[in-house]
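Please read each point against the sequence and the structure shown next.

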Amino acid sequence: MTRECSVLLPGVCAALADPRQPGLDDTCLEKLLDWFRSLTWFDPTAELLQDNPCLTELIGSVLALPDPSPSILSFTLQLAGILASSESRFQHLQEELLGRLFGPEGPRGSAWEDASVRSAWVKGVHSMVHHQPALHFLCSTGGMDVIFALQGDPSLFVASAASQLLVHILTFSLESETSKAAGAKDSDWPACAQMIVKHIEESLQSSSASHIEQSLKLLSSLFSSCFGSSYAAWTEVLWSDIAKQIESFLLEEPVQAQPVLANLLLNVARSPVFCGTEGSFWALVTSALEHLTPVQAGPLAVGLLKLCKCPQDVRIQALTVLLQPMDCILRAASQPLEYAGLLDESVSDPVTVESLLSSKTSCAGLLCQTLTHLEKLLSLKHLRVDLPCVSLLRSLMTILQFCNGFLSPTSPLGSTISRNLINCFRVQKSALDVLAALSDKKDCDTLIGILFDVLLAYLHSPNTSPTVLKKTFQATSKWLVHLQELSSNSQRQQTEKILEDVFLVLQKRLCSPCWEVRDSSLEFLTAMVKCLRDQKELRQCLLSSEVLRLTENLLEDPESYVRASAVTAVGHVAFMTCFAPESPATGNLYNKENTVAKLQEILSTDSEGFPRRAVISIFTTWLREGCTGQLEDTEQFVSRVIQTVEHDLDWEVRLGGLELVEVFCSQTICQLSQCPYAPVSSAATSSTPQNELLQVFCRAKLFGFLFRSLCDCDKPVGQRACDVLIGLRGHFYPMSTLENPQEIEDSPAGRGIAWLQRTLRQGSLAQNFPTDGGDGVDFQDPESMMLALGAIDLLELHDELNKSSDHVEESPQSLLQDILAAVGTIEDNEVDCY
């Protein structure tokens, strides 16, 4: 602690303990606690308490108050726990105060009724229990009984904190006495651990459903936090004590606390105890998959399928649980059955799944959960069990046809399910997500024709909601990419026909009165062009449709999101229609000059930020792709863009301009330098390529933009500008040849550079910079800019820009001054408020 803080601290403690003072803001108290945590973290000695007796006096004074405010009492409980976190400070506090805070005579009565006080009590104990004396104190003073009671607290925050505290006490007590923890019997464990285990066993055997659930949650938290091999010995002993009781829960009818049981078994499966494939544990897991309801068994099943150590027979059973609803859908779709279902046999009674799907209230929930789990599995790189992708795809298409009413099943079950799913947006979105994920699978090619019939029906239907339409577009673009990979003649003809149909519906959707639909349509066009721009069929369909004209019209859409999406679509379509050398002429409507002019107009005149951000992003993409022509053309293009961008009011547009400059610099250096990515040697700094580089950058007016951006009022802009300048300096100057600022100040250019360095250090706003050619710095003079790169301390600026804006104001001294100011004990001019 600094001397300044130690002088201010007694006044702060006196103010906190004074009941006449107005209550302090909770944020100030939290910051004060954070400061004490940092003070005690690295120093276990009692020196803090010995040097600052006001801390002990504060705790005593608050305890002596007949009716302390909940916020001050909560602060005191947490402070005492933090101070008592080391054994030496614990001994210093114990006799006088800790018993009155955390013992049987602790803060009860009316104060205890406030949840914040109970929460602070738990936090204080949690901070304190990091050494053996604290454990013994807790066991001997009845503190454990308080924690057990708080497990069932009406406040979920308090109950959760109490459960986490019991996990901490158990693991800490066992890990700190490893010889006992390694014993085969829990009767050899430390007293605290024995109390917790006894409490768990009694709760599990009680008739109270809430007590059972509390203990199951505690066990679940415990196993989820015990991953290291050091936990294996005692967690195995603990599991052996409770396994029979868990098994009995699964055999009850109905099964109690199903979600918590499923979560517990999954956390135990992840722990290092059950790495082998043998043993009774996996039999218990299969029993759970069989006896839990499909809704509760689903999360357990998908978790097991992600485990590499899960036995194969359990893995297959888990997959079967997930596929049961999909199998039921497929079997219900037609009578007699046209196609084989997904499963040869089920894990649990199929009637259970059928009844859930037959119910209006549970049908959508079960399917959405199942589809979400299947999407997660399809995203895994290594799934250790084979998914029946063809049957799964049939089932998905059946669900989507049920939802839009395009399938009329003949079976009674199918008719019921279809009525439950009609226009169910939740299920439609989930099914389309899984459909998109299946596009990576190679064995679904035989169903592509039927699949696109389903997708096109959704794209055409006026009943398709905007959110479902967006998902349909996303799935369609994924499957169009898959379609491109098929190479036979018949499939090429199929591709052409599908693309024609897609462009017809796209024309219609681009004219929709709903802006979300227009926006999704443009995003779909962009996705298609990005993925398929080398495909001749796509280019032909695009040029022969009205899509180009409609897309360009949407550059003037009244909705800014749509204008931004139109900019992005136009920019990517330009790769195919304007910039690709083999592209056919497209007339005056869609040529390169027109496109560039339109986008530059949007950049300089659009009233909303989204379209302008989209333009600068497209310009940067064009530059990366080498679409802006020869170096002279590119130089003029970049110069025009940054002169527009540097006055933009949207900081993200200015940041985009800096990214454009960075790409331009990198590409120009590659073109003009002999060795592209390496810094030049000192002998080469005066070579022709280097002079030419500087001249190009000065003509493009890059340096004025970069140096003004250093003082941008939005920090990310200044940080990016500094990064670009440091990169340029690394090219023009090896580290050993940087200019000496004092040696260059005598020249006219040097005086300007010295002024610039001072201005940058002051952080003046960009408007204060002189115009080029004035008395200050000429940003278009190569010699001046070479000197500026070598002389200005860009690394110092970089450090300043990366400092947090509150690095001074949030110092502990400032915090203490603010607290004293809030209670009126110091003058306003002494305060460093923030």
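1. A salt bridge here is a side-chain nitrogen of Lys or Arg within 4 Å of a carboxyl oxygen of Asp or Glu. Arg708 and Glu646 meet this definition, with their closest N and O atoms 3.3 Å apart. Arg708 belongs to helix H36 (residues 702–710), while Glu646 sits in the loop between helix H33 (631–645) and helix H34 (651–672), so the pair ties together parts that are 62 residues apart in sequence. Glu646 is partly exposed, at a relative accessible area of 23%; buried means under 20% relative accessible area, exposed over 50%, and partly exposed in between, with a 1.4 Å probe and protein chains only.

2. On provenance: this is a predicted model, in which local features need pLDDT of at least 70 and side-chain atom pairs count only at pLDDT 80 or more, while totals for chains, interfaces and linings use all residues. Residues are numbered from 1 along each chain as its sequence is written, and side-chain values use heavy atoms, with hydrogens and water left out.

3. The overall content is helical: the protein chain has 42 helices and zero strands. Helices (H or I, at least four residues) and strands (E, at least two) are DSSP runs, numbered from the N terminus. Of the 834 residues in the protein chain, 53% are buried. Taking contacts between residues at least 6 apart in sequence, 71% join residues at least 24 apart; contact means heavy atoms within 4.5 Å.

4. How many salt bridges does a search of the whole structure find? The search gives 21. One of them joins Lys471 to Asp433, with 3.0 Å between the closest N and O atoms. Lys471 is in helix H25 (residues 466–484) and Asp433 in helix H23 (residues 425–437), so this pair ties together parts that are 38 residues apart in sequence. Lys471 has a relative accessible area of 23% and is partly exposed.

5. A further salt bridge pairs the side chains of Arg549 and Glu546, at 2.6 Å from N to O. Arg549 is partly exposed, at 37% relative accessibility. Glu546 is also partly exposed, with a relative accessible area of 37%.

6. Two helix pairs deserve a look. Helix H2 (residues 26–41) and helix H5 (residues 70–83) have axes that come within 10 Å and cross at roughly 10°. Axes are lines fitted to C-alpha atoms, for helices over the stretch in contact, and angles run from 0 to 180 degrees between N-to-C directions. H2 is therefore roughly parallel to H5; angles under 35 degrees count as roughly parallel, over 145 as roughly antiparallel, 65 to 115 as roughly perpendicular and the rest as oblique. Residues of H2 in the contact include Leu29, Leu33 and Phe36, and those of H5 include Phe75, Leu79 and Ile82. The contact residues of H2 with H5 comprise eight nonpolar, three polar and three charged. In this count Ala, Val, Leu, Ile, Met, Phe, Trp, Tyr, Cys and Pro are nonpolar, Asp, Glu, Lys and Arg are charged, and the others, Gly among them, are polar.

7. The second pair is helix H7 (residues 115–128) with helix H9 (residues 143–150), packed at an angle of about 130° with axes 12 Å apart. That angle makes H7 oblique to H9. On the H7 side the contact uses Arg118, Trp121, Val122 and Val125, and on the H9 side Gly143, Val146, Ile147 and Leu150. By class, the residues of the contact of H7 with H9 are six nonpolar, one polar and one charged.

8. Thr495 is in helix H26 (residues 489–510). Is Thr495 buried or exposed? At 5% relative accessibility, Thr495 counts as buried. Apart from neighbours within four places in sequence, Thr495 is in contact with Leu483 and Gln535.

9. Two backbone entries may be checked by eye. Asn423 is not a glycine, yet has a positive phi of about 60°. Asn423 lies in the loop between helix H22 (412–421) and H23, and is partly exposed at 43% relative accessibility. Lys701, also a residue other than glycine, has a positive phi near 60°. Lys701 is in the loop between helix H35 (688–699) and H36, and its relative accessible area of 32% makes it partly exposed.
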